[in-house]
Amino acid sequence: MMSEYNRLPAFLREWDGRRRLQELLRYLPLGLAVGLFLGLGAALLSRARPWLLRGELALLTLAAALIVVAVTGLMVMARRRSPGDQARFADRQFGLRERMTAAVEIQSGQLTVDGAMATRQLNDALRAASAVDASRQLPLRLHLSDWLPALAGAILLAAALWLPNPQEAAVLEQRAVAAAVAEQSQTLTELIEEIKAADTLTSEQQEALTQPLEEALTALNQPNPSREEAVAALSAAETELRTLSREMDPASLRDALAAAAMDQPGELAEALRVGQLDQAAAAAGDLAASLSDLDAAARAALVEQLTGAASALESADAELAETLDRAAEALAADDTEAAQEALDEAAGQLAERAQAANAAARAAGTADQLSQARGEVAQGGAGEQPGGAENGAGASSAGGQTGEGGAGQNGASQSGSASTGGQTSGTGGPAPGGGHVENVFVPQRPNLEGEGEDIELDVQCLTDPALCGPLAGQSPSSAEGRPGGSLVPYDQVFGNYRDAAFEALSQGNIPIGLQDLVRDYFSALEP
């Protein structure tokens, strides 16, 4: 009896396997349709905002379709049904009138019958099972209706991939900017490490030089910074470093020392003459050690030299001038010990000035590197924009140097080029034979508080351009007769104008077709 019953589960498993294949043929097209529509959704999203390129969408769709189809097939084939479920399906599908269900329930003890009745029922169920033609009653066929959703998804996806996507240029630009920002972030990190490792700088100087770099690095490390934000951060750091360079550089001291030592002999005078403050500090220390070996004539010459240097340095460096004057007085009074002490102090002061000069040079060099980094970020992705390289002026990536052609002799001529759609004859940079203007006229802002007052707009620039400041290569003109404003250095106001323009770009206030022109315009006008 049990051996006969073992034939029944074999029939049930065979029919259940064929049932799985039927379900697989029905659900696989639906899984494919789901994957295609997921790809279509990604394609539509990429048209609404910059996200993926055409090839990436195709790969994403293929991956989604394969994953969904594989998961669907796995779910269908891995599903396990009990013998009771298999028997009930067979009874319904093949019209076996509950024979399979009754046989399974009798053998499992769910139905209690005597042995003879169970044997007859099992034999009847097996005869009915042997008469079933599963290939005919469970046919494996593909139905067109099952494939219609997948076909519709494929057609829509093909159309979405074939039609030009206006966001692809933005995607390429974003990625180029992201790559440039990542590269410059690494550059900033290396610069910070170099400055912190420089033993020629004091801790205060290291902190002063690294602070703008760290602020710029923090801005670049923000999630998805725009090109304008990255350029503004690098530009702000560059401006601060150039300011530090000017503040730290003892240029006036070197000039005064060189003038004081112009006609004087000796190593100290030679070092001062060529502006080598570190060598001058070493020479002053050596001179202090050799004072006792000098004869009267050499002492008199040294007194004269120190007195002249102190007099020349009085306006440039009062502290150093006072020290040199003390050394001269002590030497004139034959107080060698006091003279040596004063010269040693002067050597220390010169060493401090030399260290400041080194810090200034470091700040200037770092600012030049930031200028190059800013140019690379500003040009990131510009080659992917239609007409971006031809219509814009473009800044060179090498420290803000411009290419051939002229950027215009003043802001008015450049503005005129911009207003005519960027049809310029040059590609940016200073005009031949000249450079950017040194000063620009800044009108005084009217008082907007209270009820207001009538004002007359300053239109001299339109009627007489000569009143608007010097052209390139000319000397700044006087601001007399220019009511309501003043002339200020060009490099002090350029950053405000550039930052305002880049902020407008980031807010979407500038038409897309003009954004590259605005960027290139301000890059060409970099001081």
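Residues are numbered from 1 along each chain as its sequence is written. In this predicted model, local features need pLDDT of at least 70 and side-chain atom pairs count only at pLDDT 80 or more, while totals for chains, interfaces and linings use all residues; side-chain values use heavy atoms, with hydrogens and water left out.

The chain holds 22 helices and two strands (DSSP runs of H or I with at least four residues, and of E with at least two, numbered from the N terminus). Of its 527 residues, 40% are buried (under 20% relative accessible area; exposed is over 50% and partly exposed in between, with a 1.4 Å probe and protein chains only).

Helix α10 spans residues 203-220 and has a kink of about 30° at Thr210, shortly before Pro212 (the angle between axes fitted to the seven residues ending there and the seven starting there). Both Thr210 and Pro212 are among the buried residues of α10.

Salt bridges (a side-chain nitrogen of Lys or Arg within 4 Å of a carboxyl oxygen of Asp or Glu) number 19. In one of them, Arg81 pairs with Asp16, with the closest N and O atoms 3.1 Å apart. Arg81 sits in the loop between α3 and α4 and Asp16 in α2, so this pair ties together parts 65 residues apart in sequence. Both residues, Arg81 and Asp16, are buried.

Glu319 and Arg353 form another salt bridge, at 3.3 Å between the closest N and O atoms. This pair links α16, which holds Glu319, to α17, which holds Arg353, 34 residues apart. Glu319 is partly exposed at 47%, whereas Arg353 is buried at 12% relative accessibility.

Technical notes:
The expected span of a helix is 1.5 Å times one less than its number of residues.
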